[in-house]
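Have the sequence and the 3D view open as you read.

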Amino acid sequence: MEDYKKRWSYLCQLLVKQFITCENQTVQKQYFAQLTEREQEIICIHLLTFYMARGGLLRFYSSCNVKQVQIAACAMFKMDVAVVGTLIQEGYQILEPVLQIWQGNTMQDLLCHLTEAEKQKIYLLDQSYRQTEQKIFLQAYSRYAG
């Protein structure tokens, strides 16, 4: 399965590099808007897997905008990894009130404003993601390589 992770990385490397090297968020947002639906999905899948590996859902939500979160969730459903699409949506429902109040939040900001029950739910969603992560790379490569 590590092979598919590497293949996926090579597949999206150039597109993601162009996206992340935009000089500021405004330019990045304009660049993203000009991309095709397929290219936007590739970037959002990359953002999901990248931030999940570096802090889980809290890092993903604090680093991405709502549109990117929605695109990532939709891409998971299209790739037949519905469990991940659902957990993205569930996590967002938990965090939406905090995300709306605390714009420009960090992962720590989100964590500080959650109840213990909400933190536990996010932790369980993170665990569910990790159990499915390999399938994401396999499905992403299979869907977007052609």
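This is a predicted model: local features need pLDDT of at least 70, side-chain atom pairs count only at pLDDT 80 or more; totals for chains, interfaces and linings use all residues.

Helix 3 is mostly covered, with 12 of its 17 residues buried. Among the buried ones are Gln-40, Glu-41, Cys-44, His-46, Thr-49 and Tyr-51.

Just after helix 3 comes Gly-55, with a positive phi of about 150°.

Now for the packing itself. Two packed helices are described by the angle between their axes and the distance between the axes.

| Helix pair | Angle between axes | Axis distance |
|---|---|---|
| Helix 1 and helix 3 | roughly 100° | within 10 Å |
| Helix 3 and helix 8 | about 150° | 11 Å |
| Helix 5 and helix 6 | roughly 155° | within 6 Å |

Take helix 1 against helix 3, where the axes cross at roughly 100°; the two are therefore roughly perpendicular to each other. Helix 1 puts in Trp-8, Cys-12, Leu-15, Val-16 and Phe-19, and helix 3 answers with Glu-39, Ile-42, Ile-43, Ile-45, His-46 and Leu-47. By class, that contact has 9 nonpolar residues, 1 polar and 1 charged.

Helix 8 meets helix 3 at about 150°, so helix 3 is roughly antiparallel to helix 8. Their crossing is left-handed. How many charged residues sit in the contact of helix 3 with helix 8? There are 6, alongside 9 nonpolar and 1 polar.

Then there's helix 5 (residues 66-78) with helix 6 (residues 82-101), whose axes cross at roughly 155°. That makes helix 5 roughly antiparallel to helix 6, and the crossing is left-handed. From helix 5 come Val-66, Val-69, Ala-72, Ala-73, Met-76 and Phe-77; from helix 6 come Ala-82, Val-84, Gly-85, Thr-86, Ile-88, Gln-89 and Tyr-92. The contact has 10 nonpolar and 3 polar residues, and no charged ones.

Conventions:
Residues are numbered from 1 along each chain as its sequence is written. Side-chain values use heavy atoms; hydrogens and water are left out. Axes are lines fitted to C-alpha atoms, for helices over the stretch in contact, and angles run from 0 to 180 degrees between N-to-C directions. Helices (H or I, at least four residues) and strands (E, at least two) are DSSP runs, numbered from the N terminus. Angles under 35 degrees count as roughly parallel, over 145 as roughly antiparallel, 65 to 115 as roughly perpendicular and the rest as oblique. A crossing is left-handed if the near helix is turned anticlockwise from the far one by less than a right angle, and right-handed if clockwise. Contact means heavy atoms within 4.5 Å. Ala, Val, Leu, Ile, Met, Phe, Trp, Tyr, Cys and Pro count as nonpolar, Asp, Glu, Lys and Arg as charged, and the others, Gly among them, as polar. Buried means under 20% relative accessible area, exposed over 50%, partly exposed in between (1.4 Å probe, protein chains only).
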